[in-house]
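Hi,

Here is the structure I promised to pass on.

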Amino acid sequence: MRARILGTAAGGGLPQWNCGCRSCSRAAELGVARSQDCLAISGDGTSWYLVNASPDLRTQLLASPELRPAPGTRRTPLEGVLLTSAELDHTLGLLTLREAARLPIYATATVHRALRQAFPIADVIGNYTEVRQEVIADRRLLAGGLAVEAVGVSDKRPRYARELPGTDWAVAYRFTGSGRSLVYAPCLPAWNDAFERIIDGADVVLLDGTFHTEDELTHASGSDRPARSMGHLPIRAALPEIARHPATRFLFTHLNNTNPLAHPDAPELADVHGAGAEIAAEGQVLVLD
């Protein structure tokens with residue numbers, strides 16, 4: 001099993017185009033850049049799936065040799081897209097894929113409903129290519145010997161879908177291939193029993209690292225929105241849980257522009273490394289043999 005981390009930032013990336021905060025300004029000065037959350041994964045190194053489709057997808061694909069078409073062809077190794085949520089920063093990249101020969105999209109029934117009714121991006125793309133919306137409910141076998149199962153982790157709706165019903169608005173995925181497993185959970189409001197079950201025995205977990213602390217936005221911008229109220233368990237609260245799983249490799253992804261851990265020289269990294277965890281890097285390749 002192979003995985004390439006295409007993007008590691010929360011919505012807007014780092015630096016954000018409309019933000020002059022200390023973190024974004026420093027990132028611009030130092031050339032630190034994080035594109036928006038996205039993952040590519042394969043069970044055999046040949047057939048690949050995207051997990052989320054970020055607004056930065058074109059640049060991310062071109063920077064990934066494994067995902068380019070074979071010379072002289074328009075055939076790409078991409079077999080489909082799995083969505084962890086219906087958020088714009090996880091779905092806008094679907095428009096980039098309108099030139100695909102076909103586009104299978106895997107998501108919960110709740111997310112598919114949003115993409116048909118509140119934000120009908122699937123219908124728009126259907127004018128350009130064949131779109132197949134597949135519901136992820138139980139364990140599914142994908143191409144290349146890759147199996148996937150999903151667990152609902154959040155009922156937080158995107159702003160554009162506030163009036164739609166449903167509960168499984170965000171999920172974590174567990175991918176399995178050749179006896180190895182990787183969990184992808186870029187949005188996690190709480191470390192509960194269901195999440196414990198899906199990470200049990202996993203080799204690698206890519207985990208929600210949006211905020212470092214619960215009150216990060218208060219200090220950064222004066223906002224009164226705690227991290228968990230926005231659907232994100234802060235890194236500091238996750239570290240004691242991670243310490244209970246020494247055999248699993250944890251990497252934080254989906255970092256907000258206000259998160260000091262988005263910078264490679266942050267002193268707060270000492271606590272993360274002390275708990276046995278890491279910060280995911282742009283373009284990082286994970287090999288699970």
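**What I found**

Asn 52 counts as buried, at 0% relative accessibility (buried means under 20% relative accessible area, exposed over 50%, partly exposed in between, with a 1.4 Å probe and protein chains only). Before the rest, the ground rules: this is a predicted model, where local features need pLDDT of at least 70, side-chain atom pairs count only at pLDDT 80 or more, and totals for chains, interfaces and linings use all residues. Residues are numbered from 1 along each chain as its sequence is written, and side-chain values use heavy atoms, with hydrogens and water left out.

You will find Asn 52 in the loop between β3 and α2 (57-62). Helices (H or I, at least four residues) and strands (E, at least two) are DSSP runs, numbered from the N terminus.

His 254 is another non-glycine with a positive phi, about 65 degrees. His 254 sits in the loop between β12 and α9 and is buried, with a relative accessible area of 4%.

There is also a cis peptide bond, from Leu 14 to Pro 15, with omega near -5 degrees. Pro 15 belongs to the loop between β1 (2-7) and α1 (22-30).

**The sheet**

In what order do the 7 strands of the open sheet run? The order is β6-β5-β4-β3-β2-β1-β14, with mixed pairing (two strands pair if DSSP finds at least two bridges between them). β6 and β14 (285-287) are the edge strands, each pairing on one side only. On average, neighbouring strands of this sheet are turned by 20 degrees against each other, direction ignored. For angles, axes are lines fitted to C-alpha atoms, for helices over the stretch in contact, and values run from 0 to 180 degrees between N-to-C directions.

Inside the sheet, β2 (residues 38-42) and β3 run antiparallel and are joined by 4 bridges. Ile 41 stands opposite Tyr 49 in β3. Helix α4 (residues 109-116) lies across β5 and β6, at about 145 degrees to β6.

Glu 134 is in strand β6. Its side chain makes a polar contact with the side chain of Arg 132, at 2.6 Å. A polar contact here is a pair of N or O atoms within 3.5 Å; within protein, one must be able to donate a hydrogen and the other to accept it, and residues adjacent in sequence count only if both atoms are side-chain atoms. Leaving out residues up to four places away in sequence, Glu 134 touches Ile 105, Tyr 106, Ala 107, His 112 and Arg 140 (contact means heavy atoms within 4.5 Å).

**Aromatic pairs**

How many aromatic pairs does a search of the whole structure find? It finds 5. Rings of Phe, Tyr and Trp (its six-membered ring) pair if their centres lie within 6.5 Å; planes under 30 degrees apart count as stacked, over 60 as edge-to-face and the rest as tilted.

One of the pairs is Tyr 49 with Tyr 106, edge-to-face at 6.3 Å centre to centre and 70 degrees between the planes. Tyr 49 lies in β3 (residues 48-51) and Tyr 106 in β5 (residues 102-107), so this pair ties together parts that are 57 residues apart in sequence. Both Tyr 49 and Tyr 106 are buried.

Tyr 173 and Phe 175 form a tilted pair, 5.8 Å centre to centre with 45 degrees between the planes. Tyr 173 has a relative accessible area of 0%, and Phe 175 is also listed at 0%. Trp 191, Phe 195 and Phe 250 form one aromatic cluster.

**Helix α8**

In α8 (residues 235-242), the buried residues include Ile 235, Ala 238, Leu 239 and Ile 242. Looking down the axis of α8, its buried residues fall within an arc of 115 degrees, so they line one face of the helix; the arc is that of the directions from the helix axis to the C-beta atoms. Those buried residues pack against β11 (204-208), β12 (249-253), α9 (269-274) and β13 (277-279). On the other side of α8, Arg 236 and Pro 240 are exposed.

Cheers
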